[in-house]
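Hi there,

I'm passing a structure on to you, together with some notes on what turned up in it. Have a look at it first, and then read on.

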Amino acid sequence: MAVQILIPTPLRVYTRGEKVVTVEAGTVGEALRALTERFPELRRHLFNEEGRLRSFVNLYLGDEDVRYLQGEETPISDGQTLSIVPSIAGGGRWSSGRWITRR
Amino acid sequence: MILRLRQAHQAQIRAHVERGYPAEACGIFLGREVDGVRIVERLRLVDNRWADPEEQTHRFLIPPEEVLAAEREAVAEGLEILGFFHSHPDHPARPSNFDREHAWPWYAYLIVSVENGRAIDWRVWELKEDRSAFVERTLEVVP
């Protein structure tokens, strides 16, 4: 199956500027493997040391978060689009129940 | 990298972060990049979706479905996601370690310090490629 993978802007530096990468894959996991074989530098940004998808990296097949489908085993139909989507988190300093002043 | 905001955007952000106080407030910048200048064309104000409301005074979350919706809006209008803003209630406009651990390279991160309900300091940051630190960038506000 040909699947199009949408690359978010911060990761395009690792795909030689390509916004959309087309790979042949039958599942989400196969698509990720094909993508990171073609662009090995992407691997450390998508996966942690244990080889698991980083918690702030999300994969959407069409409109569905693959975590709520079958994860990396989710089958892909021809022509579907897989989007790599960041979630954005942060915030001020807080530790052990009290503020740490920084100044 | 320079982040260029219009005064009208700044006013929207100010209202959003002051209304959100003492919780953190956040949003998404859409626009275009021209010669290293990130020109904001449109803002998406986002509700802080950090799961525990009590922790929203020092944590924020923009969930992926919001980012995906913003990405689609951007593509439809020939724009892209340039970065994000969030507030630090009663705290300096500097990234925390938590900010750094969760940040992405390339994006512009605007942090607004809100003290006693008033937005008092605005600073733009970009994560270094090796994720070791943030570098302060320039905020430009134009009419």
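Before we start, one definition: two residues touch, or are in contact, if their C-beta atoms, placed from the backbone, lie within 7 Å. Please also keep in mind that this is a predicted model.

With that in hand, take B:Val112. Leaving out residues up to four places away in sequence, B:Val112 touches B:Ile13, B:Val17, B:Phe85, B:Ser87, B:Ala93, B:Ala119 and B:Trp122. B:Val112 also belongs to the largest nonpolar core, which has 60 residues; B:Val112, A:Ala31, B:Phe84 and B:Tyr109 are the members that touch the most others. Strand β6 of chain B (residues 108-115) gives this core its largest share, six residues.

Next, is B:Phe29 buried or exposed? B:Phe29 is buried, because 28 other C-beta atoms lie within 10 Å and 20 or more are enough to count as buried. You'll find B:Phe29 in strand β2 of chain B (residues 26-34). Not counting residues up to four places away in sequence, B:Phe29 touches B:Val40, B:Leu43, B:Leu82, B:Gly83, B:Phe84 and B:Ala108. The C-alpha atoms of B:Phe29 and B:Phe85 are separated by 7.7 Å, although the two residues are 56 residues apart along the chain.

B:Glu55 sits in the loop between β3 (37-46) and β4 (60-62) of chain B. B:Glu55 has 16 other C-beta atoms within 10 Å, so this residue is partly exposed. Its C-alpha atom is 9.2 Å from that of B:Glu24, and 31 residues separate the pair along the chain.

B:Ile2 takes part in both: B:Ile2 stands opposite B:Thr138 in β8(B), and the bridge partner of B:Ile2 in β3(B) is B:Val37.

Finally, where do the chains meet? The contact takes 19 residues from chain A and 27 residues from chain B. On the side of chain A, the elements giving two or more residues are β3 (57-61), β5 (81-86) and β6 (88-90). That side is made up of eight nonpolar, seven polar and four charged residues. β6(A) and β4(B) run antiparallel and are joined by three bridges, and A:Ile88 has B:Ile62 as its bridge partner in β4(B).

Enjoy exploring!

Technical notes:
Residues numbered from 1 in each chain as written. Chains lettered and ligands numbered in written order. Predicted model: local features only at pLDDT ≥ 70, side-chain atom pairs only at ≥ 80, totals over all residues. Core = buried A, V, L, I, M, F, W, Y, C linked by C-beta atoms within 7 Å. Buried ≥ 20, exposed ≤ 12 C-beta atoms within 10 Å, placed from the backbone. Helix = DSSP H or I, 4+ residues; strand = E, 2+ residues; numbered from the N terminus. Nonpolar A, V, L, I, M, F, W, Y, C, P; charged D, E, K, R; others polar. Pairing = 2+ DSSP bridges.
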